[in-house]
Amino acid sequence: MTSAAQRAASGGPGWLNPLRDKRDKRMPRIPGPCGLVIFGVTGDLARKKLMPAIYDLANRGLLPASFSLVGFARREWADENFSQVVHDAVKKNARTPFRQEVWDRLAEGIRFVQGSFDDEGAFARLTETLEKLDAERGTAGNHAFYLSIPPNAFQMVCEQLQKSGLARPQNGRWSRVVIEKPFGHDLQSARELNAVVNSVFPEESVFRIDHYLGKETVQNILALRFANELYEPIWNANYVDSVQITMSEDIGLGGRAGYYDGVGAARDVIQNHLLQLLALVGMEEPANFGPRQLQAEKIKMLSATRLMHPLDQTTARGQYAAGWQGSVKVPGLLEEEGFSKDSTTETFAAIALEVDNRRWAGVPFFLRTGKRLARRVTEVALILKKAPFLPFDKTMTEELGQNALVIRIQPDEGITTRFGSKVPGSQMEVRDVSMDFSYGSAFAEDSPEAYERLILDVLLGEPSLFPVNAEVELSWEILDPVLNYWAEHGRPEAYESGTWGPPSAFDMLHRMGREWRRP
């Protein structure tokens, strides 16, 4: 037995005492013996996010001593070539400082398998490689397979894993599959994809990655609501006027036509990220934070969510035109490389939703996302109702808006409460002010990157932050009518780059007597 296997068998460094874990739930959980196989290891996601996240986990002492990383791709690389690729990706993109001793320990378990997805011989070599790692490093036959590949290749890879016997190991070993979005492009394709994956892997072994759910600020929604008596009593239709969920980006789509053209902002962001945020913001309190209880409450929330009608007044879509992004002149989508001059792909999407339950009856939820907007920001804003009676002259409150609770997910992660306060002076004048909590100033430790948390949860078999079949299909049930309506009604409206989107998005809220927040 090698030193790594000995450390694994002895429960040495990198292992958590299970008794201590039971006494103090704040202790970090560390997976047992296991390895990770990445398909599509030559892509941007693997180099920029996955490999650095694996190193950062190792650097924080959160991987088992026996951990192994296997890359699978068509490149004719030796193990040493792949190890150098990982090394370079880590040094360039890791969040934590590079430490040679950590890298040397991680590099002991790095392997590479050359082959294509339709090559049964390559999967036989993968099986042989994993068996050797089990024997040499003590990975115990436990493996996660990360499909960082186009969705049209999922079925082939899953079937190859099934044929090779890797998908359903025996004798207490585990095998898990990790799938990147998009989870289909409509309800029918999502159901077909789920059927394909579940024909090979049971649902409890399927981990659908939505990296937004790995962000500390998203998880803090649950802490904010359920660990405090301050907010939950007003988290309902009695006090909340509307909820706005925004994900805006200031970048364009140059070079991404192959992925984005024909997909659009609604499929790319609303179907997954924003509807998941809606579920967390709106759901009822779970009995506990176990995966089944958390998923059950999210499913109930999504089941109660409906589109507001008519869709020509409660939805908006746009496509960015040329304009100024700060001091830089930028092209419109139709001038970007790879996009057709008659492309109808939307780069801005907004929809209005309502929720058929007692907590949220009558409260509109507004979701919007876009490229080439005024700034990069993701936030959830609860806009509160105005006080039913103000014992002030109108001139005293001219500059007073509605109270708001804003959860900033990125950048500048934190929470802002907006409320009215008297302006210093001899007159009674009330104006909006903000009370701000910032993660950066409140905590000494930087927030982990989302993929760190999600990869760790995969290895731990902790599915709370991963959408299940029902959540994916309910999201498509909500969004499909919008996509079908847009497909039948011409082109998206042009909006100038560097603005907050097309006029129709502002008209959409004005009709309901409301306005978008300007983050």
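Predicted model: local features only at pLDDT ≥ 70, side-chain atom pairs only at ≥ 80, totals over all residues.
Okay, let's start in a loop: asparagine 171 sits between α7, residues 154-163, and β5, residues 175-180.

You'll find alanine 140 in the loop that runs from α6, residues 120-137, to β4, residues 143-147. Alanine 140 has a relative accessible area of 34%, which makes it partly exposed.

While we're on loops, let's do the cis peptides. Histidine 309 and proline 310 are joined by one, with omega at about 0°. Proline 310 lies in the loop between β8, that's 305-307, and α13, 311-314. Then glutamine 410 and proline 411 are linked by a cis peptide bond too, and there omega is about -20°. Where does proline 411 sit? In the loop between β15, residues 404-410, and β16, residues 414-422.

Okay, on to helix packing. When two helices pack, you describe them by the angle between their axes and how far apart those axes are. Here I've picked α3, residues 44-59, and α5, residues 100-107: the angle is about 115° and the axes are 10 Å apart. Roughly perpendicular covers 65 to 115 degrees, so that's what we call α3 and α5. The crossing of the two, α3 and α5, is right-handed.

Which residues of α3 and α5 meet? From α3 you have Ile54, Tyr55, Ala58 and Asn59, and from α5 they meet Val102, Trp103 and Leu106. Sort the residues of that α3 and α5 contact by type and you get 6 nonpolar, 1 polar and no charged.

Let me zoom out before I stop. How many helices and strands does the protein have? There are 17 helices and 18 strands. The protein has 519 residues, and 53% of them count as buried. If you take the contacts with a separation of 6 or more, 77% are between residues 24 or more positions apart. As for the surface, the protein exposes about 23,300 Å², with 49% of that supplied by carbon and sulfur atoms.

That's my tour, thanks, everyone.

Notes: Residues numbered from 1 in each chain as written. Heavy atoms only, no water. Axes fitted to C-alpha atoms, helices over the stretch in contact; angles between N-to-C directions. Helix = DSSP H or I, 4+ residues; strand = E, 2+ residues; numbered from the N terminus. Parallel < 35°, antiparallel > 145°, perpendicular 65-115°, else oblique. Left-handed = near helix turned anticlockwise from the far one by under 90°. Contact = heavy atoms within 4.5 Å. Nonpolar A, V, L, I, M, F, W, Y, C, P; charged D, E, K, R; others polar. Buried < 20%, exposed > 50% of the residue type's maximum accessible area, 1.4 Å probe, protein only. Areas by Shrake-Rupley, 256 points an atom, 1.4 Å probe, with all protein chains shown as cover.
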